[in-house]
Amino acid sequence: MKRCILVILDGLGDEFIPDLKGTPLEYINEKLETLNYMVKNGIGGLHYPFKPGIPMSSDTAHLTLFGYDISREYSGRGYFEALGANVEIRDGDVALRFNFATVREDNGKLIIEDRRAGRISTEDSKILAKDLQQALLDAGLPVVVKNTTEHRGILIIRPEKNELSWKITDTDPHEINEPILKSQPFEGLSPDEHKAAQVTANTLNEVTKIAYKVLSEHELNKLREKKGLPKANAILARGAGKAVRLTSFKEKWGFKPAYVAAGALYKGVARGVGMDEIKVEGATGTVNTNLEAKVQGVIRALERGYDFVFLHIKAVDNLSHDMKPLEKAEFIAKIDKALKPLRELDDVVITVTGDHSTSSLRGRHIGMPVPILMWSDRIRRDRAERFYEDELVTKGGLGFIDGINIIPLMMDIADRVMEYGLRPSPKPVFYIGATGEPLKI
Ligand code: ZN
Ligand code: ZN
């Protein structure tokens, strides 16, 4: 049985960029020595992370790529954000991400002037979060407020008499010059679920109100105003999520899994499915991340006996959101160089792909399929020799696959799948675990 490495370059796929006369991958292709080597000696194609034409968020896309059915097993982003930020989340809690923001009052509405309060420092946010936490406790609200980096934080709502639901809308309108929204339950919930969502939304709306009052009068904000800095006088919440017990990746696929990632959300998703963290110096989730050290982290994980390693590289997506296609292309070339040591590994199946496509023309996620390659020393090969969208669709032997089938395909190449119909146990068995025993699924 071979070991598996899944490399995800966040937001890898793109669309035609007139200035580059192609996608970023196509433009930079001549420089992609490692990726071209792998696809030439392996197999390529494209995958739809979920369904054609549906732009995916990173958390839902990663879960699908790990083989989870998000239509049944997903319960909001906030859970993974909280896990990734090391904020304790208990069963029944609802977690949201929040920003400290600058608002002005206008006809009884709080209008957003700056969604990040001038990218307030982590030190200032820490002071505000601590005092806001105290004020909310004094008001009898069952919540936890934790700042993370700069203007960002996590808000946890704890259940008291009533159950809570994550199916509530954001208070963050995601635009400036718009009012803070009132959170409300999703449409179409059952009466019980609607009640739970209403309780949750009411608490969040109360938190929003108290936060404005407390933060507006806070000494630190008066000081910031004197210094000409925007006040951080409101919080904007989004992405409610509830703790969910997912079948662990180990139980599902029989691997001993580890991950190398820097972004909080990706750590959260990997932790949520029970992968172990391989800590890497200098991994930042930005363009300045230490790519070589991350790749060494993958190799270290294999040496320690892990047989599945997930490597996540975030900044490809950041550059797409910033609409910098040239920089995106150049960063992919840097990653390509850093991945080279993986070619020297024995007994591995390597997949390189993205979690979704992100258009660096439109600055947002799009529903177009994502380039993928699989490489191993023994694998069916195709005629694809270069790693970019058009080559993969015209010559890729994988064709179009669903994101949820990536792990099973890797496992088949790795000799970890039993022939359909063999029944060594009363339960249907397909996958073979790390010990060589069939998995009961
Ligand atoms: Zn993503
Ligand atoms: Zn993105």
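I started with the two zinc ions: ligand 1 and ligand 2 sit 4.7 Å apart in this predicted model.

Ser 58 is in helix α3 (residues 58-65), while His 356 is in the loop between β11 (348-353) and β12 (357-359), so the pair links parts of the chain 298 residues apart. Helices here are DSSP runs of H or I with at least four residues, and strands are E runs of at least two, numbered from the N terminus.

Are Ser 58 and His 356 buried or exposed? I found both buried (under 20% relative accessible area; exposed is over 50%, partly exposed in between, with a 1.4 Å probe and protein chains only).

Then I zoomed out. I got 15 helices and 15 strands for the chain. Buried residues make up 57% of its 441 residues. The C-alpha atoms fill a box of roughly 65 × 60 × 40 Å along the principal axes.

My notes on method: residues count from 1 along each chain as written, chains are lettered from A and ligands numbered from 1 in written order. Local features need pLDDT of at least 70, side-chain atom pairs need 80 or more, totals for chains, interfaces and linings use all residues, and side-chain values use heavy atoms, leaving out hydrogens and water.

Key:
Donors = N, O, S within 2.8 Å, 3.2 Å for Na, K, Ca; no water.
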